Amino acid sequence: MVAPQQAQRDNAEIHNLPPISAHLYAQGVQQPAGLGRWMVAIVSGLALTALGVVMLPDGKEAASPWMRRQEPEMEPSPVDILARQLRQVPAGNVDARRTLHASMGHIFRDRGRYREAAQHYKEASELAAGATDKSVALQHLGLVEMHLGHLTSAALLLSAALAAGGGDQAESSVGVLHTIGDVKLQQGKIAEAIREYTRAYSIAVQHRDLDESILLLADIGEAWARKGHVEEAFKWMQKASEQLEVSRTSAQGVTELVAAKVSSYLGSAYHLKGNVAKAMDLYHKAMRVQAKSLRPSHSDLLATRVSMARAQRDMGDSDGAMRAIEAIEKTSRNGPNEGPDLSRVLVLKSDMLREAKQTRVAEDTAKEAIRLQSECYGSEDHPEIAVAIASYGGILHDSGKFAEAREKYEEALKMNQMTVGMYHPETASVYNSMGTLFQDISDPVASFGQFTKCLEIQRRTVGETSPDVANTYNNMATVLFQQGRSEEAAGLLKKAIQILDATSSPKLSPERLLYEENLEEVLKSAGSADGSAASITADA
């Protein structure tokens, strides 16, 4: 029996997992702990030691405690130094206290401890006397709120930061607008994200901010990729790459981490287009820099590693991909584990487990992912929740729980329509899943209707030559074959394989092997004289 693409009926869910594409850590590039911002914090803290004395509540002076006792042999951590300073700075020295709170916020943020960072940024914002200091503190607070998944709160804080900083034309507005764009992207408001990125890019160019300019070009490309417009994404990625090359010969230059992020995004675009080998090369290039510069659980590094695991899976190495995703899960669990990173890893892991027919473990993994998302996002609608719910629906589907699966698919579809909208690859993916469900309950008319909706969305987003379209052609062919329309089924299967050929899909990819097997069976059933794999590449 010709099989629909069961293992990949939610193909778009895997290929468009956030970062995905992987834009998990969306505020430009942060300095790794131990480098720039760590040093800023230490310098800020030690500068205050020049005071030598602190005022006691009754107005008397006393020698600072660290001057009265010998320090232990182990050097104090940056947090220890700043916390000690904070305890000893008089309450009336508002500027010093604000500086210390901001510095502690930077350290906690760079370590991924976003809740503690938020507490210190909140204190810094309340202590800010001038508009500029207020704007900076609110921007930092909005950034960590975004990393925690509190997107509505982040958007409000960033809007306040923009207003306090003098509006959207000031040089300081570049970072704020960039982060607002990141929030919009995570909310699924892609058109709004692109608009904010474009505004920020214009100001960054005006002020010759090369790092921000290149990152913003890459982010605009990533936003188009998430929308499914691969060619438009490549146009912007190419601009980022060109500016990156120019920067290598300029005095200003850019940081290695900026270049790494561009490589990771460009890899995601090639991956979406189906050129997995090229994508893997770019992922490796990005990870070499990120692994030596970022903490192991840093979101950028996790995103690149997840992309590499997906690429392994798409190249036919399912066992290697599972080992990779389990290693990423371990790293994430061993880190601060604040924000949505772990839930994203678990969604992908549950899909891989389902493909491996480990349904019970897949179900438990999907449930944990949904629970973590609920803790992170609260009552906010979020496109990643829709991905997780649809993935869970796929597991229920495989278990034969068709009514429950349909309920989850419809829930995911509703959330997609409220966030990313109708014409988005993830919405197409849910229609595809609904099509396979109706097929499994012997309703070919409803099944073909769902696949047709899926194909309509894909043609308007990812385009005719996307591997996702090949997946839909395969599934439509299975319905036609079951209705006895073998010639039409064979034509669609040949189109599916031609798409994989055009996108340089690996010869051993699960999709290619399935389409070839299905076509061979269709041709044999039709009594073809040449019903072998040799005829697979014939014209439709």
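Okay, quick one to start: is Gly166 buried or exposed? Gly166 is exposed, with a relative accessible area of 61%; buried means under 20%, exposed over 50%, and partly exposed in between, with a 1.4 Å probe and protein chains only. Gly166 sits in the loop between α8 and α9. Gly166 and Thr132 are 34 residues apart in sequence, and their C-alpha atoms are 8.3 Å apart in space.

Before I go on, the ground rules. This is a predicted model, where local features need pLDDT of at least 70 and side-chain atom pairs count only at pLDDT 80 or more, while totals for chains, interfaces and linings use all residues. Residues are numbered from 1 along each chain as its sequence is written, and side-chain values use heavy atoms, with hydrogens and water left out.

So, the overall picture. The protein chain has 25 helices and 2 strands. Helices here are DSSP runs of H or I with at least four residues, strands are runs of E with at least two, and both are numbered from the N terminus. Of the 540 residues in the protein chain, 57% are buried. Take the contacts with a separation of 6 or more: 64% of them join residues 24 or more positions apart. Contact, by the way, means heavy atoms within 4.5 Å.

Now α7, residues 131-147. That helix has 17 residues and reaches 24 Å from first C-alpha to last, close to the 24 Å expected at 1.5 Å a residue; the expected span is 1.5 Å times one less than the number of residues. α7 is mostly covered, with 12 of its 17 residues buried. Among them are Leu138, His140, Leu141, Val144 and Met146. What do the buried residues of α7 pack against? They pack against α5 (94-110), α6 (114-127), α8 (151-164) and α9 (173-186). Just after α7, Gly149 takes a positive phi of about 90 degrees.

Compare α16, residues 318-334. Its 17 residues should span 24 Å at 1.5 Å a residue, and the end C-alpha atoms are 24 Å apart, which agrees. Buried residues in α16 include Met322, Ile325, Ile328 and Glu329, and their cover includes α15 (299-314) and α17 (341-355).

Last part: helix pairs. You describe two packed helices by the angle between their axes and the distance between the axes. Axes are lines fitted to C-alpha atoms, for helices over the stretch in contact, and angles run from 0 to 180 degrees between N-to-C directions.

First pair. The axes of α19 (383-398) and α20 (402-418) come within 8 Å and cross at roughly 165 degrees. Therefore α19 and α20 are roughly antiparallel, the label for angles over 145 degrees. α19 passes α20 in a left-handed crossing, meaning the near helix is turned anticlockwise from the far one by less than a right angle. The contact includes Ile385, Ile389 and Tyr392 of α19 and Phe402, Tyr409 and Met415 of α20. The residues of that contact split into 12 nonpolar, 4 polar and 3 charged. Nonpolar is Ala, Val, Leu, Ile, Met, Phe, Trp, Tyr, Cys and Pro; charged is Asp, Glu, Lys and Arg; the others, Gly among them, are polar.

Then α20 goes on to pack with α21 (425-440), at about 160 degrees with the axes 9 Å apart. That makes α20 roughly antiparallel to α21, and α20 passes α21 in a left-handed crossing. Residues meeting there include Phe402, Tyr409 and Leu413 in α20, and Val430, Tyr431 and Phe438 in α21. The residues of this contact divide into 10 nonpolar, 4 polar and 4 charged.

Key
Angles under 35 degrees count as roughly parallel, over 145 as roughly antiparallel, 65 to 115 as roughly perpendicular and the rest as oblique.
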